[in-house]
Amino acid sequence: MVSLRLYSIMNSEETRSYHGNDAVMLETAHTLHKLMTENLIDFTAFDSQLNAAFAANWLSSIKAAGSVVRDSQIKDILAQKTMEVHAQMALCILKYNEVKYFATKVFPQNKTIQAEFGRGTFNIARSARSRMIVFMDTLHKTCLKYQAPLLAGGYTQTQIDEILTLRVALQDANTTKENYAKGRPVLTQARIETLNTAYQAMRTVIDAAKVMYYHDYARRNQFTFYEKRHKKQLRFALKVV
């Protein structure tokens, strides 16, 4: 059952119709598109659907594929959003240490009240973003509960209010990061589909050229896209005579 489920998941994911570098495929598509338009009469005579409209749609798909966000960019954006969450976590940790200082100062002998400020739960809270969000909310409420003695001990209202501000900032950063992470497969899927559209049109032109120019080796060889699919580094070559 597990193997069937994995097969179903893998089978449902869009994969590239070609092997190798996206940029090289698009560069080749641009070159072959130019060659096709220069020989458009031949292509349309061979297949009436390989006409000016086909060429225009193909060029649009090439441009669309070239403008979508690259896989590396998607990873970089996610890494940046993760760093933003870490930065907010660091600010929350610093804020707790600030509150801890004043709580200890105001209630030096009262371990029970100090515990209300998170002395025994902070280390657990700092281990996860979701826990830290709840912790900061509780910390803010505790500061409001002991607002009068804290203010009398030198802790300001602005500093108390900042606890809630940091809690909201952490939650927003975490939500943004998680939403982007969940949307990443969709972005990747859309990119692959766009690349495949450009490639499939190129493949149609190449296949047509093989038949049209069967007795014209030089021209037939212009419409070529090589792929190496084994463990060696993928390499593409375009021969133009």
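These questions and answers ask what stands behind each label given to this predicted model.

Residues are numbered from 1 along each chain as its sequence is written, and side-chain values use heavy atoms, with hydrogens and water left out. Because this is a predicted model, local features need pLDDT of at least 70 and side-chain atom pairs count only at pLDDT 80 or more, while totals for chains, interfaces and linings use all residues.

Q: How many helices and strands does the protein chain have, and what makes a run count as one?
A: The chain has eleven helices and zero strands. Helices (H or I, at least four residues) and strands (E, at least two) are DSSP runs, numbered from the N terminus. Read from the N terminus on, the elements run α-α-α-α-α-α-α-α-α-α-α.

Q: Why is I62 called buried?
A: Buried means under 20% relative accessible area, exposed means over 50%, and partly exposed lies in between (1.4 Å probe, protein chains only). I62 has 1% relative accessibility, so I62 counts as buried. This residue sits in helix α4 (residues 52–67).

Q: What does I62 touch, and what makes a contact?
A: Contact means heavy atoms within 4.5 Å. Leaving out residues up to four places away in sequence, I62 touches L26, A29, H30, H33 and A198.

Q: Is T15 buried or exposed, and why?
A: T15 has 52% relative accessibility, so T15 counts as exposed. T15 lies in the loop between α1 (2–12) and α2 (22–38). Beyond residues up to four places away in sequence, T15 touches I192 and N196. From T15 to E193 the C-alpha distance is 8.1 Å, and the two are 178 residues apart in sequence.

Q: Why is V85 called buried?
A: The value for V85 is 1% relative accessibility, and therefore V85 counts as buried. V85 belongs to helix α5. Its contacts, not counting residues up to four places away in sequence, are R129, L170, A173, N174 and K177. V85 and N174 are 5.7 Å apart in space, C-alpha to C-alpha, and 89 residues apart in sequence.

Q: What makes a set of residues a nonpolar core, and which members of the largest one touch the most others?
A: A nonpolar core is a set of buried Ala, Val, Leu, Ile, Met, Phe, Trp, Tyr and Cys residues joined through side-chain atoms within 4.5 Å. The largest has 27 residues, and F117, M132, F135, M136 and L139 touch the most other members. At least two residues each come from α5, α7 (122–125), α8 (129–145) and α10 (157–212). Helix α5 gives the most to this core, with eight residues. A second, separate core of 26 residues includes L50, A55, A198 and A201.

Q: What does M132 touch?
A: Not counting residues up to four places away in sequence, M132 touches M89, C92, I93, F122, A125, R126 and L170.

Q: What makes a space a cavity, and how many are there of 30 Å³ or more?
A: On a 1 Å grid over the protein atoms alone, a cavity is a set of points where a 1.4 Å probe fits but cannot get out; lining residues have an atom within 4 Å of a point. The count is one cavity of 30 Å³ or more. The largest cavity holds about 50 Å³ of space.

Q: Which residues line the largest cavity?
A: The lining is Y96, K100, A103, T104, Q114, F117, G118 and R119. Helix α5 (residues 71–106) gives the most, with four residues.

Notes:
1 Å grid on protein atoms, 1.4 Å probe; cavity = no way out; pocket = protein on both sides within 12 Å on 5 of 7 lines; lining within 4 Å. Points joined across faces, edges and corners; volume = space filled by probe spheres on them.
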